[in-house]
Structures are given as C-alpha cells and as structure tokens.
Amino acid sequence: MTTENHCLSSSGPKRCAIYARTGSQTAREDSANEQIERCREAARKKGWTVIEEFVRIDRGGSGTSMKDRTGLQELITLAATTPRPFDYLICVSTDRLTRNMGIAGQIVDAFIHHGVNLYFVFNRLDSADPSFRAIFNCVAESDLVYSKCFADKVRRGKIGRFLSGYHPGGRCFGYTNVPVEDPD
C-alpha cells in the first residue's frame with residue numbers, strides 16, 4: 001500500500017479540515033466564505049465530517065509563496081500531531097493551495113507523509129487516487145502559468161496608466177493618501 005492511498009484503508013467517516021485563501025487583503029469578504037461553503041458541500045456529498053476548529057483562511061497571502069500563510073502552516077503542523085486530528089484537507093481548487101510548483105509538492109508531501117489526504121473540489125482531485133500526483137502536477141503547472149501571465153498583464157496595465165499620465169497605483173513617495181468621502 002502506498003503512502004498516498006493509505007487513508008483509504010481506515011474505516012468510518014473522514015474527518016476534514018478546510019483551507020481557503022484569498023489573493024489580496026481587499027478581496028471580497030464573501031470570497032473565502034464561498035470557498036469554505038463549497039468545501040463543506042463537497043464533504044457532505046461524500047459523507048465526510050468537517051471539524052470546524054480546523055477551518056483556516058489566509059487573506060492576502062500570495063499563492064506563490066508560504067509568506068503570510070499562517071493558516072496553511074498551522075494545518076501542516078496539526079497534521080503532524082498524534083493522534084492525527086483530521087484525515088483530509090479540502091480546498092476548493094489547487095490554485096487556492098499554491099501557485100508555485102516549487103512548493104506545491106512540498107505542501108502535498110507534508111500532508112500525505114502525516115497520513116492526511118487532500119481533496120480539491122473544483123478539480124475533483126483526491127490524493128487517495130493512484131493517478132493523483134500526475135494530474136496534480138499538470139494542474140499546478142497551469143496554475144503557475146496563469147499566475148505569471150496575470151502578473152504580466154497587471155504590470156502592462158500599470159505601465160499603460162503611467163504612460164497616460166496617471167498614477168499606476170500604490171503609494172506615491174512623499175504623499176499621504178487621504179480618503180475623499182462621498183457626500184451622498
């Protein structure tokens with residue numbers, strides 16, 4: 001029996017943690033909540049139990065690094081404890097876990113090594129499946145490509161704003177941003 005599908009042999013309902021990530025601090029508040037609700041719905045359909053104390057959200061953490069990803073880091077640490085507090089980590093999609101091939105395998109390996117499988121709702125991807133690693137690597141690679149293309153588009157847009165005589169965003173050196181209240 002391989003490490004990746006060892007969780008299949010355990011009987012009873014699976015105990016699940018959930019992880020959600022938003023790409024920016026200013027993302028809609030509902031974004032993380034929608035991710036969590038989709039994960040809960042997937043768990044219900046599979047007959048799994050979500051353990052509420054193991055639901056984590058990282059807001060504003062880039063998917064390309066582990067910096068500012070305290071929720072994910074906590075879940076990895078919890079997965080290493082004995083007795084193991086959950087059997088599965090559910091994410092709404094692979095890009096919410098990471099958009100960096102360099103750390104994608106490390107994250108997956110950390111959970112699987114400690115007996116925790118991963119399930120990605122939109123991708124319908126389960127690490128208990130023998131073909132998981134090959135499919136995950138392909139999907140994670142496309143997440144990385146998307147991230148790089150998106151960064152290029154943002155950079156191009158900022159350059160365009162600057163060349164048109166507008167401030168491209170961020171803070172202006174030597175100036176303080178003051179909100180202008182809408183009189184209505």
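This is a predicted model: local features need pLDDT of at least 70, side-chain atom pairs count only at pLDDT 80 or more; totals for chains, interfaces and linings use all residues.
1. Residues are numbered from 1 along each chain as its sequence is written, and side-chain values use heavy atoms, with hydrogens and water left out.

2. The axes of helix 2 (residues 70-79) and helix 4 (residues 101-113) come within 8 Å and cross at roughly 30°, which makes helix 2 roughly parallel to helix 4 (angles under 35 degrees count as roughly parallel). On the helix 2 side, Leu72, Leu75, Ile76 and Ala79 meet Ile107, Ala110 and Phe111 of helix 4, contact being heavy atoms within 4.5 Å. By class, this contact has seven nonpolar, no polar and no charged residues.

3. The whole structure holds 11 salt bridges, each a side-chain nitrogen of Lys or Arg within 4 Å of a carboxyl oxygen of Asp or Glu. In one of them, Arg15 pairs with Asp87, the closest N and O atoms being 3.0 Å apart; Arg15 lies in strand 1 (residues 15-22) and Asp87 in the loop between helix 2 and strand 3 (88-91), so the pair ties together parts that are 72 residues apart in sequence. Arg15, Arg84 and Asp87 are linked in a network of salt bridges.

4. Arg15 is partly exposed at 29% relative accessibility, whereas Asp87 is buried at 7% (buried means under 20% relative accessible area, exposed over 50%, partly exposed in between, with a 1.4 Å probe and protein chains only).

Notes
Axes are lines fitted to C-alpha atoms, for helices over the stretch in contact, and angles run from 0 to 180 degrees between N-to-C directions. Helices (H or I, at least four residues) and strands (E, at least two) are DSSP runs, numbered from the N terminus. Angles under 35 degrees count as roughly parallel, over 145 as roughly antiparallel, 65 to 115 as roughly perpendicular and the rest as oblique. Ala, Val, Leu, Ile, Met, Phe, Trp, Tyr, Cys and Pro count as nonpolar, Asp, Glu, Lys and Arg as charged, and the others, Gly among them, as polar.
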